[in-house]
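Please look over the structure shown here before reading on.

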Amino acid sequence: MSFGGLLRAMAYRLFRSRASMVLLCALAAFVVGGAVSLRVIGADGSAAASISETSSDISLGLAVLFPGTGGIDLVRACGVLFVRGSAVSMIVSSLLGLLFASDLKCGFVKNVAQGRNARVRYALAACALALAVSALAVLGGVVVSLASLVSLGFAVSVPGFPELLSWAAEVWLFVSAYALAATLAAILSGSEAFSVVFGLMLGGGVVGKLLCSVAALLAGSPGSAGALFSGSLAAAVSRLGGGSVLPWVAMGPAIVSIVSLAALVVVAVRRKSLA
């Protein structure tokens, strides 16, 4: 099967599965629920002040509102609604992990990986799908956020197109890195349950924190774990969740991760036993 045929088959299976619909609806519900919370809490000044004192996340969320105007900044709102809470990275990672583990379990990979370089084509199609799904998830998050905010009566302040595009592209790069890591884990494990749990933990930053802690312990400097985490993918995603457009030099770790993980996916598929 050709690269294009593999990619179309993967996309068809992904978007026809019940699990995909459940996870995508969960992402939409997360965004809409966050927007409703901003409207309800932000409308009551005393309640907003009281809750902000006890929750830094809610305080950050309310900070996207323009006091006294009912206005809201779109980029910062999108960051709060579906990036900072790791919703988009967790959903995409678990979704792709489930798909590729299912491919191995049901024999789809064995059936299509016939012929010269067939496994390489499958691996490249898997990587392409991970990048495409990440882009669609970020775009969908922005569209659902904007529609929710407008329908709730917010006066949405839309930044210049270059700023919005830069921010969305940066989020896409980091989500793609998580998506490829989840794809690799699914191919190596072949377990649907493990792939879903790993995707949720990976996208939520739990795996990153554990790796930083282990690296600090191995280096004999447990106190350096925080410094290591500050340079991790999860820390950059957190900054993007605040609505910040990062300098492009900060995209280096994400780009290196994408290239490295894509290469590892190719190696893993080529060496995977399909018996």
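**Confidence**

The model is predicted. Its chain has a mean pLDDT of 76, and 76% of the residues reach 70 or more. Helix α8 has the highest mean pLDDT among the elements of the chain, 91, while helix α12, residues 225–230, has the lowest, 41. Over residues 44–60, pLDDT stays under 50, and the model has 9 contacts beyond four places in sequence for them. Over residues 208–219, pLDDT also stays under 50, and there the model has 13 such contacts, beyond four places in sequence. Where pLDDT is low, the predicted coordinates should not be read in detail.

**Two contacts of helix α5**

Helix α5 spans residues 74–83.

| Helix pair | Angle | Distance between axes |
|---|---|---|
| α5 and α8 | about 110° | 10 Å |
| α5 and α13 | roughly 130° | within 7 Å |

How are α5 and α8 placed relative to each other? Angles from 65 to 115 degrees count as roughly perpendicular, and α5 and α8 are therefore roughly perpendicular to each other. On the α5 side, the contact is made by Leu 74, Ala 77, Cys 78, Leu 81 and Phe 82. On the α8 side, Val 138, Gly 141, Val 142, Ser 145, Leu 146 and Leu 149 take part. The residues of this contact of α5 with α8 divide into 9 nonpolar, 2 polar and no charged.

The axes of α5 and α13 cross at roughly 130°, and the two helices are therefore oblique to each other. Here Arg 76, Gly 79, Val 80 and Val 83 in α5 meet Val 237, Leu 240 and Gly 241 in α13. The residues of the contact of α5 with α13 divide into 4 nonpolar, 2 polar and 1 charged.

**The cavity**

How many cavities of 30 Å³ or more does a search of the whole structure find? The search finds 1. The largest cavity has a volume of about 40 Å³. Its lining consists of Val 83, Val 88, Ser 89, Val 171, Phe 174, Val 175, Val 237 and Leu 240. The elements that give two or more residues to this lining are α6 (87–106), α9 (161–189) and α13 (233–241). The largest share, 3 residues, comes from α9. By class, the lining divides into 7 nonpolar residues, 1 polar and no charged. Val 83, Val 237 and Leu 240 are listed in the lining and also in the contact of α5 with α13.

**Ser 257**

Helix α14, residues 252–271, contains Ser 257. Which residues does Ser 257 touch, not counting those up to four places away in sequence? Ser 257 touches Ala 177 and Leu 233. Ser 257 and Ala 177 are 80 residues apart in sequence, but their C-alpha atoms are 5.9 Å apart in space.

Definitions and conventions
Residues are numbered from 1 along each chain as its sequence is written. This is a predicted model: local features need pLDDT of at least 70, side-chain atom pairs count only at pLDDT 80 or more; totals for chains, interfaces and linings use all residues. Side-chain values use heavy atoms; hydrogens and water are left out. Axes are lines fitted to C-alpha atoms, for helices over the stretch in contact, and angles run from 0 to 180 degrees between N-to-C directions. Helices (H or I, at least four residues) and strands (E, at least two) are DSSP runs, numbered from the N terminus. Angles under 35 degrees count as roughly parallel, over 145 as roughly antiparallel, 65 to 115 as roughly perpendicular and the rest as oblique. Contact means heavy atoms within 4.5 Å. Ala, Val, Leu, Ile, Met, Phe, Trp, Tyr, Cys and Pro count as nonpolar, Asp, Glu, Lys and Arg as charged, and the others, Gly among them, as polar. pLDDT is the predictor's confidence in each residue, from 0 to 100. On a 1 Å grid over the protein atoms alone, a cavity is a set of points where a 1.4 Å probe fits but cannot get out, and a pocket is an open set with protein on both sides within 12 Å along at least five of seven lines; lining residues have an atom within 4 Å of a point. Grid points are joined across faces, edges and corners, and a volume is the space filled by probe spheres set on the points.
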